[in-house]
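Keep the structure open while you read.

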Amino acid sequence: MGNLETNIYKIAKEAGVSIATVSRVMNHSTVVSEKTTQKVMRAVEKYNYVPNIAARNLSTSTSTSVGVVIPDINNQFFMQLLQGITAAADALGLTIFLFDTDESTEREHRVLDSMREHRVCGIIITPVSSTDAQTREKLQNFRALEIPVVLVDREVDDSNFDSVVTEDAAGAFSAVSELIRQGHEKIAIITGPEISRPGRERLEGFRRAMEQAGLPIREEYIRKSNFRAACAYEQALALCRLPEPPTAIVSSNNMTTYGCLKAFNELNLEVGRDIALLGFDDIEELGWLNYHISVISRDVQNMGEQAMQLLRRRITKECTSENGTRITLPTKLILRGSEQYPWKIPNK
């Protein structure tokens, strides 16, 4: 890493201040007290610190470009999210640079490094992992340079960035509770990655609903996936081929739902008759194909708009708090019949 990434933390630690305060002192901000400024400058002299001029220019630029970083450009969820971000950005006179990390932390690191060249005035990102230390550090560096960061859908552990998320655990809980109400006991879940907040929380909601109903949680019914259709397809096949297969599967995102449907089609299983399916995020096109899939729906465009508004408040200095704002949006359970218990005898 360069001079800024390596030394600004040393200066902040030595002076007993935040890295944002160090940045303000080096940019000659008048909001820092004289006493604090002197502490920072003593640390600067001790370490012979020379600030990165390019980075300083980045923080003081008049750019109107926002960097948007998403993990899967092929996922309709992120395209809907982008529509919300773009609509809000257009209204504010801001332009968007879009970056796709392909669910790779290594690519995410390169994207964040290259973003400095684009002179963005803010960043909206869905990080690949909540636990990756390098991504956390790079994002903190941007914020130290007064380039605000907003997280959307996923978060970064041990940080206090602004964020827009949804009630993932509550959504999964409501879905599994409905399946139980329908008469299911053998319920499986194809999860998202545990390194992501949605992956963890949706599994947590699944477990809580099963435990509250007094039903056993069978580990062979918990299948780890990566939010990609190909992996979900393999896991759905494995579930359906168990000696005692589940009667219902919860899919943890829209791509997982696609994978499940491919597996069911291959095995000649009809959703809502031979096996139940209830998944996160609506897929409008499935209705055109006569697939009536029950879903835990989210207002994705609103998530994007809310993220852009949070960023606007930071860019305009309307919000200057070092504590992040967290907006949590509700989910909605939409039932279309795919949740029904197979072979269930209708009430007469």
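Six strands make up an open sheet with mixed pairing. Their order is S7-S6-S8-S9-S10-S12. The model is predicted.

**Sheet edges and pairing**
- Strand S7 (222–223) and strand S12 (332–334) are the edge strands, and each pairs on one side only.
- Strands of a sheet pair through backbone hydrogen bonds, either parallel or antiparallel.
- S12 pairs with strand S10 (residues 294–297) in the antiparallel sense, over three bridges.
- Val295 stands opposite Ile334 in S12.

**Helices on the sheet**
- H8 packs on the sheet and touches strand S6 (187–190), strand S8 (248–251), strand S9 (276–280), S10 and S12.
- The direction of H8 makes about 165° with that of S9.
- Helix H11 (residues 254–266) also packs on the sheet, where it touches S6, S8 and S9.
- The direction of H11 makes about 160° with that of S9.

**Helix H8 against helix H9**
- The axes of helix H8 (residues 168–181) and helix H9 (residues 197–212) come within 7 Å.
- These axes cross at roughly 35°, and the crossing is right-handed.
- H8 contributes Asp168, Ala169, Ala170, Ala172, Phe173, Val176, Ser177 and Ile180 to the contact.
- From H9, the contact residues include Arg197, Pro198, Glu201, Phe206, Ala209 and Met210.
- By class, the contact of H8 with H9 has ten nonpolar, three polar and six charged residues.

Terms used. Residues are numbered from 1 along each chain as its sequence is written. This is a predicted model: local features need pLDDT of at least 70, side-chain atom pairs count only at pLDDT 80 or more; totals for chains, interfaces and linings use all residues. Side-chain values use heavy atoms; hydrogens and water are left out. Axes are lines fitted to C-alpha atoms, for helices over the stretch in contact, and angles run from 0 to 180 degrees between N-to-C directions. Helices (H or I, at least four residues) and strands (E, at least two) are DSSP runs, numbered from the N terminus. A crossing is left-handed if the near helix is turned anticlockwise from the far one by less than a right angle, and right-handed if clockwise. Contact means heavy atoms within 4.5 Å. Ala, Val, Leu, Ile, Met, Phe, Trp, Tyr, Cys and Pro count as nonpolar, Asp, Glu, Lys and Arg as charged, and the others, Gly among them, as polar. Two strands pair if DSSP finds at least two bridges between them.
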